[in-house]
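Keep the 3D view open while you read.

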Amino acid sequence: MGKRKKKTIEELTISDDFMFGAVMSNPKLCKPLLEMILGVRIKKIEYPELQKTIDKQYGSKGIRLDVYVEDDENTIYNIEIQATMFKYMAKRMRYYQGLIDLNIIDKGEEYSSLKKSFVIFICTYDPFGEGRYVYTFENRCLENPDMSFGDDTTKIILNTEGTVGDISEELRATLRYIAGDGPKTEYTKELDNEVVDVRKSEKWRREFMTLLMRDKENKKLGKYENMVEAIKNGTIRGLSVIDLSGILGVSEDLVHAVLDCMAAHPDWDNEDIADWLIQEYE
């Protein structure tokens, strides 16, 4: 199987996470989608700056949120497009929920300050194989399913390939548009126009290139971190520099550089050493 070619911004569709996030940064398009999914009316939405908090805390290796908004009733919504099948999707949703909660509550605050929240995944495949348009999950008592746990968290998964369930024609058309069908309603035509505008926008083109560079740097950093860990483990096992060079397929000079850096900076972790290697050898 050949290496998958990276898409250009002109090739992105609404089912790509970057494009989805860019389109949904327009509240006139994001609010109607939330209303369709939840079957409620929302007066207004705003975009809290959680992404800046994540970037500050985790640096360039932090997770990217597609859409994170809050409504006038202090309810948080995180919407993510999922075009790739993840084995541990439930735990991925749990991770997103944790990010939301940690951002809401400051140290020492009462737990009652946690807001009602929805984590919503729009999948371009059926994650559970039941053909449903919508799968909704909330915490309930096993012994008495009518009893809600009351933690105000809900997880909703939408399936663009669904055929089972009672949803509005507008939502069905929107899911089909995300799946790749042409725009059939006024709303999906607005989405389609926004996709075209994002492709042409200099602002979004710069943002897209920045993210591509960030992803490339993260992969490079990960490669060097793995090499540093292998060298550490190899030296513990008594392997020589020549052995490590042959096993890892790198030069002896590079192995020596890692060992020298470890000796000179015993407090550095693998990421610190990897970052230094990138600056010195790339």
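To talk about how two helices cross, we need axes: these are lines fitted to C-alpha atoms, for helices over the stretch in contact, and angles run from 0 to 180 degrees between N-to-C directions. Keep in mind as well that this is a predicted model.

**Two helices side by side**

Start with helix H5 (residues 169-179) and helix H6 (residues 186-200), whose axes come within 9 Å and cross at roughly 30°. Angles under 35 degrees count as roughly parallel, so that is what H5 is to H6. Their crossing is right-handed. Who does the touching? On the H5 side you'll find Glu170, Ala173, Thr174 and Tyr177, while H6 brings in Tyr187, Thr188, Leu191, Asp192 and Val195.

**Rings that pair up**

Now for the aromatic rings. A pair of them is described by the distance of the centres and the angle of the planes. How many aromatic pairs does the structure hold? There are six, and two of them are set out here.

| Pair | Centre to centre | Angle between planes | Type |
|---|---|---|---|
| Tyr77 and Phe118 | 5.6 Å | 15° | stacked |
| Tyr96 and Phe121 | 5.7 Å | 90° | edge-to-face |

Where do these rings sit along the chain? Tyr77 belongs to strand S3 (residues 75-82) and Phe118 to strand S4 (residues 116-123), so this pair ties together parts that are 41 residues apart in sequence. Tyr96 comes from helix H4 (residues 89-104) and Phe121 from strand S4, so here the parts tied together are 25 residues apart in sequence.

Buried or exposed? Under 20% relative accessible area counts as buried. Tyr77, at 3%, is therefore buried, and so is Phe118 at 12%. Tyr96 is buried with 2%, and Phe121 is buried with 0%.

Elsewhere, Phe18, Trp204 and Phe208 form one aromatic cluster.

**A stop in a loop**

Last, find Ser113, in the loop between H4 and S4. With a relative accessible area of 26%, Ser113 is partly exposed. Leaving out residues up to four places away in sequence, Ser113 touches Ile104 and Ile105. And how far apart are Ser113 and Met262? They are 149 residues apart in sequence and 45 Å apart in space, C-alpha to C-alpha.

Methods:
Residues are numbered from 1 along each chain as its sequence is written. This is a predicted model: local features need pLDDT of at least 70, side-chain atom pairs count only at pLDDT 80 or more; totals for chains, interfaces and linings use all residues. Side-chain values use heavy atoms; hydrogens and water are left out. Rings of Phe, Tyr and Trp (its six-membered ring) pair if their centres lie within 6.5 Å; planes under 30 degrees apart count as stacked, over 60 as edge-to-face and the rest as tilted. Helices (H or I, at least four residues) and strands (E, at least two) are DSSP runs, numbered from the N terminus. Buried means under 20% relative accessible area, exposed over 50%, partly exposed in between (1.4 Å probe, protein chains only). Angles under 35 degrees count as roughly parallel, over 145 as roughly antiparallel, 65 to 115 as roughly perpendicular and the rest as oblique. A crossing is left-handed if the near helix is turned anticlockwise from the far one by less than a right angle, and right-handed if clockwise. Contact means heavy atoms within 4.5 Å.
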